[in-house]
Amino acid sequence: MSVRQTLLAILDQGPCYGYQLRAEFDRRTGSTWPLNVGQIYNTLDRLERDGLVEKGDVDAHGHVYWQITDAGSAEARTWLASPVERSQGTRDALAIKLSVAATLPGVDVGEIIRTQRRTSLAQLESLRSATYAGADRDSPEALAWSLVVDSMVFAAEAEARWLDHAEQLLARHPDHALTLELSTERPKRGRPARAEASVA
């Protein structure tokens, strides 16, 4: 999630002060990813340094309103018009845990999968039964909440399907074929070459 671009997109609607930006972020994301105000002010300081926002008026309560610059508006528009590219190098903690566990002697990978599946399915059930807390279910805030929660539901469903796939894949391999002994080859200095995943 890009806090930087999200704040710029909100500021492109008009000047806001820090706590107001946090409230606007919550309204527009269904309050599913809490953002602390310290993170907002740190991001605003960096945006100001980069010439994308500037401090504006101060109201009677001492709130400093931040306003977007032309360069900031251009960056917000570019962000909104650009696809989100998910890096192939993104580390998935669960995939790494299972891949390492599958190569260790004496580890019951099947039990790890069953434990994870219980947790994943409980989370999925919780997400599916979640309801919007606001009064107006046809409001823009309700729509924003639904988009975020539905995304989380689909991700949880995909995780459950992947766990089924991993269980079937591991079942096709005898335990002794999976174990990796510590290598006796001394690694060279520097980073190992990355294996590129080919996508047809």
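# A walk through a predicted helical model

Let's start with a pair of helices: the axes of α5 (residues 93-101) and α7 (residues 140-171) come within 12 Å and cross at roughly 10°. An angle under 35 degrees counts as roughly parallel, and therefore α5 is described as roughly parallel to α7. On the α5 side, the residues that make the contact are Leu 94, Ala 95 and Leu 98, and they meet Glu 159, Trp 162, Leu 163 and Ala 166 of α7. Sorted by class, this contact has 6 nonpolar residues, no polar ones and 1 charged residue. Please keep in mind, here and throughout, that this is a predicted model.

Now step back for the overall layout. The secondary structure of the protein comes to 8 helices and 2 strands. Reading from the N terminus, the order of the elements is α-α-α-β-β-α-α-α-α-α. Of the 200 residues of the protein, 27% count as buried. Looking at contacts between residues at least 6 apart in sequence, 56% join residues at least 24 apart.

Two packed helices are described by the angle between their axes and the distance between the axes. For α1 and α3, the axes come within 10 Å and cross at roughly 80°. From α1, the residues Val 3, Arg 4, Leu 7, Leu 8 and Leu 11 meet Gln 39, Ile 40, Thr 43, Leu 44 and Leu 47 of α3. By class, the contact of α1 with α3 has 7 nonpolar, 2 polar and 1 charged residues.

In soluble globular proteins, nonpolar side chains tend to be buried together. Here, the largest nonpolar core has 17 residues, and the members that touch the most others are Leu 8, Leu 11, Leu 21, Ile 40, Leu 44, Leu 47 and Val 53. At least two residues of this core come from each of α1 (3-11), α2 (18-29), α3 (37-49) and β2 (64-68). Helix α1 gives the most, with 5 residues. Leu 44 shows how these pieces meet: leaving aside residues up to four places away in sequence, Leu 44 touches Leu 11, Leu 21, Val 53 and Trp 66.

Helix α4 (residues 70-81) holds Ser 73. Is Ser 73 buried or exposed? With a relative accessibility of 11%, Ser 73 counts as buried. Its contacts, not counting residues up to four places away in sequence, are with Asp 12 and Ile 68.

Next come the aromatic rings. A search of the whole structure finds 2 aromatic pairs. In one of them, Tyr 17 and Tyr 65, the ring centres are 5.4 Å apart and the planes stand at 80°, so the pair is edge-to-face. This pair links distant parts of the chain, with Tyr 17 in the loop between α1 and α2 and Tyr 65 in strand β2, 48 residues apart. Tyr 65 counts as partly exposed, at 22% relative accessibility. The rings of Tyr 132 and Trp 145 have their centres 5.9 Å apart and their planes at 55°, so that pair is tilted. Tyr 132 sits in the loop between α6 (109-129) and α7, while Trp 145 lies in helix α7, 13 residues apart. Tyr 132 is buried, with a relative accessible area of 18%, and Trp 145 is buried too, at 15%.

We finish on α7, the helix that also opened this tour. Gln 168 is found in helix α7. At 51% relative accessibility, Gln 168 counts as exposed. How far apart in space are Gln 168 and Gly 110? Their C-alpha atoms are 9.9 Å apart, while in sequence Gln 168 and Gly 110 are 58 residues apart.

Notes: Residues are numbered from 1 along each chain as its sequence is written. This is a predicted model: local features need pLDDT of at least 70, side-chain atom pairs count only at pLDDT 80 or more; totals for chains, interfaces and linings use all residues. Side-chain values use heavy atoms; hydrogens and water are left out. Axes are lines fitted to C-alpha atoms, for helices over the stretch in contact, and angles run from 0 to 180 degrees between N-to-C directions. Helices (H or I, at least four residues) and strands (E, at least two) are DSSP runs, numbered from the N terminus. Angles under 35 degrees count as roughly parallel, over 145 as roughly antiparallel, 65 to 115 as roughly perpendicular and the rest as oblique. Contact means heavy atoms within 4.5 Å. Ala, Val, Leu, Ile, Met, Phe, Trp, Tyr, Cys and Pro count as nonpolar, Asp, Glu, Lys and Arg as charged, and the others, Gly among them, as polar. Buried means under 20% relative accessible area, exposed over 50%, partly exposed in between (1.4 Å probe, protein chains only). A nonpolar core is a set of buried Ala, Val, Leu, Ile, Met, Phe, Trp, Tyr and Cys residues joined through side-chain atoms within 4.5 Å. Rings of Phe, Tyr and Trp (its six-membered ring) pair if their centres lie within 6.5 Å; planes under 30 degrees apart count as stacked, over 60 as edge-to-face and the rest as tilted.
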